[in-house]
Amino acid sequence: MRYYTLTVFICLCFIVTCSMGNPKQLHENLPSMKAVNKVGILVRIPASSPVEYTRYVTTLQSMLAGYKQIKEIVIIDSDNVAITTFQSNDDRFYQTSLDGDFLYYKATGIVTSYCTKNKAELQLIFEKGIDLLAIYELYGVVSYGMGFVDYDSVFVIIDKNLKIVYFDYNHDRKNTSEFSTQVLWDLLLNEMNTRCVRTLMKIGFLD
């Protein structure tokens, strides 16, 4: 299965081809920005990922530190695997047909099921003063033999009632002349974190 390994974000020296895929937004019903003071971000990764969850958290924190926060943003560092991992493709938010078409209703159904199953844990996060919770699901792969990185992601925001108020998804693949596994991992991390930051900026949480 195509799970990925990530390392800290560093300056990368490589030639990249292919443009970044733009996230496809399918749902937005965000509350007024005046009603939002604090936003939590919870990263969701494959259960079989060889990289520790805290590493995903710290690298994203490092990138966010370089931006001005319009709304207070808190990265949730949780050791509860029920809310931070998915076990299989059937458990992922990112769902496609055999033809590659994104299955929005199936995907949001899985999000709703996730929220129902983990209601107590998610409500505890909101009790920390969070107004909205963004769940950022990641799934990716690097190939040092062929020189590319490839990843899928879903960025979904839920409110205090555990209802979806924002949903988008993204798939991106980049080819590179770099064949170092280490550098490819760094590239993948950079792409994923950049995608998250750009979404936060588009919504109006970051400047």
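I take contact to mean heavy atoms within 4.5 Å. Helices (H or I, at least four residues) and strands (E, at least two) are DSSP runs, numbered from the N terminus.

**Entry 1: ground rules**

I am working on a predicted model, where local features need pLDDT of at least 70, side-chain atom pairs count only at pLDDT 80 or more, and totals for chains, interfaces and linings use all residues. Residues are numbered from 1 along each chain as its sequence is written, and side-chain values use heavy atoms, with hydrogens and water left out.

**Entry 2: overall layout**

I looked up the secondary structure and found 5 helices and 8 strands in the protein. Along the sequence I read the pattern β-β-β-α-β-α-β-α-α-β-β-β-α.

Next I checked burial, where buried means under 20% relative accessible area, exposed over 50%, and partly exposed in between (1.4 Å probe, protein chains only). Of the 207 residues, 52% count as buried. I also looked at contacts between residues at least 6 apart in sequence: 75% of them join residues at least 24 apart.

**Entry 3: α1 against α5**

I started with the meeting of these two helices. Thr59, Leu60, Met63 and Leu64 of α1 are in contact with a set of α5 residues: Leu189, Asn190, Asn193, Thr194, Cys196, Val197 and Leu200.

For the geometry, axes are lines fitted to C-alpha atoms, for helices over the stretch in contact, and angles run from 0 to 180 degrees between N-to-C directions. Helix α1 covers residues 53–64, and its axis comes within 10 Å of that of α5, crossing at roughly 55 degrees. The two helices are therefore oblique to each other. My angle classes are under 35 degrees for roughly parallel, over 145 for roughly antiparallel, 65 to 115 for roughly perpendicular, and oblique for the rest.

Which hand does the crossing of α1 and α5 have? I noted it as right-handed; a crossing is right-handed if the near helix is turned clockwise from the far one by less than a right angle, and left-handed if anticlockwise.

**Entry 4: α3 against α4**

Helix α3 (residues 104–117) and helix α4 (residues 119–126) have axes that come within 5 Å and cross at roughly 80 degrees. That makes α3 roughly perpendicular to α4. I listed Tyr114, Cys115, Thr116 and Lys117 on the α3 side, with Lys119, Glu121 and Leu122 on the α4 side. The residues of this contact divide into 3 nonpolar, 1 polar and 3 charged.

**Entry 5: the core**

A nonpolar core is a set of buried Ala, Val, Leu, Ile, Met, Phe, Trp, Tyr and Cys residues joined through side-chain atoms within 4.5 Å. The largest one here has 59 residues, and Leu122 and Ile157 have the most contacts inside it. Helix α5 (residues 181–203) gives the most to this core, with 8 residues. As background, nonpolar side chains tend to be buried together in soluble globular proteins.

What does Ile157 touch, leaving aside neighbours within four places in sequence? I found Leu30, Leu132, Leu133, Ala134, Lys163, Ile164, Val165, Tyr166, Ile203 and Phe205.

Val156 lies in strand β7 and counts as buried at 0% relative accessibility. Its C-alpha atom is separated by 5.6 Å from that of Ala134, 22 residues apart along the chain. Beyond four places in sequence, Val156 is in contact with residues including Phe93, Val111, Ile135 and Phe167.

Leu162 lies in the loop between β7 (148–158) and β8 (164–176). Is Leu162 buried or exposed? I have Leu162 as buried, with a relative accessible area of 12%. Its phi is positive, about 65 degrees, although Leu162 is not a glycine. Most residues other than glycine have a negative phi.

Thr84 sits in helix α2 (residues 81–84) and is buried, with a relative accessible area of 2%. Outside four places in sequence, Thr84 touches Leu42, Val43, Arg44, Ile45, Tyr53 and Ser78.

Thr108, in helix α3, is buried with a relative accessible area of 11%. Not counting residues up to four places away, Thr108 touches Ile164 and Phe167.

Asn29 lies in the loop between β2 (24–28) and β3 (38–46) and is exposed, with a relative accessible area of 52%.

Note on methods: Nonpolar A, V, L, I, M, F, W, Y, C, P; charged D, E, K, R; others polar.
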